[in-house]
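Have the coordinates open while you go through them.

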Amino acid sequence: MTHRPSSPTSLLTFEAVLDARYSCRGYLDRPVERGTIEAILGLAQRTPSWCNSQPWQVIVTGATATERLRQALQLEQAEASSDIAPPLEYRGVYRERRRECGKQLYDSLGIAADDRASSMRQTMENFKFFGAPHMALITTEALLGTYGAVDCGAYVNNFMLAARSVGVASIAQAAIAMRSPFLHQWFEIPEDRQIVCGISFGYEDPAHPANRFRTTRATLEQSVRWVDA
C-alpha cells in the first residue's frame, strides 16, 4: 500500500486545534447542545486501544445533573480515595513543571504563594467542575490494568481535541477520581470498573482570569532521544 502523506491543509488544521486546546477553568452558564456532545463522543470513539478493547465507558451529565452532582460534592466529607493509585512523587523536572503550572494559575488569579485560604478555595473549584455545565466521567475495566488506563488516557486526549474542534472547552481532572467511592455510589458504577478521571466541559468564559495563561511545553531535545544506527 502506498503511503499518502497528509495534505498541508490537514496538518495546519490539526496544529490549530492543538494550539487552541487548553485546560479551561472558567465556563459560561450555557449548556452544550446534545448533538454537539454526541459529535464529540463519536470522534473520541475512534481512539485506538490495546487489542481494540476500547475499555472506556463514559458517563456524561447534562446541565441539571451536573448541578446536582456539584452540590452533592460540596457536602462530601470522606477522605480522598481513588481506584487508581496517584503518583508517588513529583521530582526533578516533573516537580518543576508542576510548580510552574501552579504558579501561572495563582498569578492569573492574584493568589499569593502564602495565601492558604485562597489556595484551598481554588482547589475546591475542581469539585465544582470550574462552573462547567457538563462532566464526562471516564471509567475502565479493572482487569485490564495499566493498559486499560493508558487506552482511556488516549480517549481523554481525543475527547478534548474533538471538543476544541467544535468550539467547546474542557479540562481533564484527576481530582474528580479522588472521590471514587462517592462516585461509584452516586452513579451506581460496579466495582469491577475503575474511575480514571473526569472531564469538565462547556463553553469557555474568555473573561475569567484563570483562562488567561497557557502552560509551556518541553522541547524535543528535552523529551526525545534519537537512535539512528
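1. Let's begin with S53. Setting aside neighbours within four places in sequence, S53 is in contact with L144 and D151 (contact means heavy atoms within 4.5 Å). S53 and D151 lie 98 residues apart in sequence, while their C-alpha atoms are 8.7 Å apart in space. S53 belongs to the loop between α2 and β1, and its relative accessibility of 35% makes S53 partly exposed. The cut-offs: buried is under 20% relative accessible area, exposed is over 50%, and partly exposed is in between, using a 1.4 Å probe and protein chains only.

2. Some ground rules before going on. This is a predicted model, in which local features need pLDDT of at least 70 and side-chain atom pairs count only at pLDDT 80 or more, whereas totals for chains, interfaces and linings use all residues. Residues are numbered from 1 along each chain as its sequence is written, and side-chain values use heavy atoms, with hydrogens and water left out. Helices (H or I, at least four residues) and strands (E, at least two) are DSSP runs, numbered from the N terminus.

3. Next, helix α2. Which residues of α2 are buried? In this helix, residues 34-44, they are I37, I40 and A44. They cover an arc of only 60° around the axis, so they sit on the same side of α2; the arc is taken from the directions from the helix axis to the C-beta atoms. As for partners, the buried residues of α2 pack against β1 (57-61), β2 (134-141), α6 (145-165) and β4 (193-202).

4. Helix α5 (residues 116-124) can be read in a similar manner. Its buried residues are S118, S119 and Q122. Their arc around the axis is only 100°, which puts them on the same side of α5.

5. On the α4 side, L105, Y106 and L109 meet S119, Q122 and T123 of α5. The residues of this contact divide into 3 nonpolar, 3 polar and no charged.

6. On to salt bridges. How many turn up in a search of the whole structure? There are 6, a salt bridge being a side-chain nitrogen of Lys or Arg within 4 Å of a carboxyl oxygen of Asp or Glu. One of them joins D107 and K103, at 2.7 Å from N to O. These two are 4 residues apart in helix α4, so about one helical turn separates them. D107 is partly exposed at 47% relative accessible area, and K103 is exposed at 54%.

7. Another salt bridge pairs R164 with E204, at 2.8 Å from N to O. This pair links distant parts of the chain: R164 is in helix α6 and E204 is in the loop between β4 and α9 (220-223), 40 residues apart. Is R164 buried or exposed? R164 is buried, with a relative accessible area of 14%, while E204 is partly exposed at 22%.

8. Finally, two backbone angles to look at. As a rule, most residues other than glycine have a negative phi. N52, in the loop between α2 and β1, has a positive phi near 55° and is exposed at 53% relative accessibility. F130, in the loop between α5 and β2, also has a positive phi, near 55°, but F130 is buried, with a relative accessible area of 6%.

Methods
Ala, Val, Leu, Ile, Met, Phe, Trp, Tyr, Cys and Pro count as nonpolar, Asp, Glu, Lys and Arg as charged, and the others, Gly among them, as polar.
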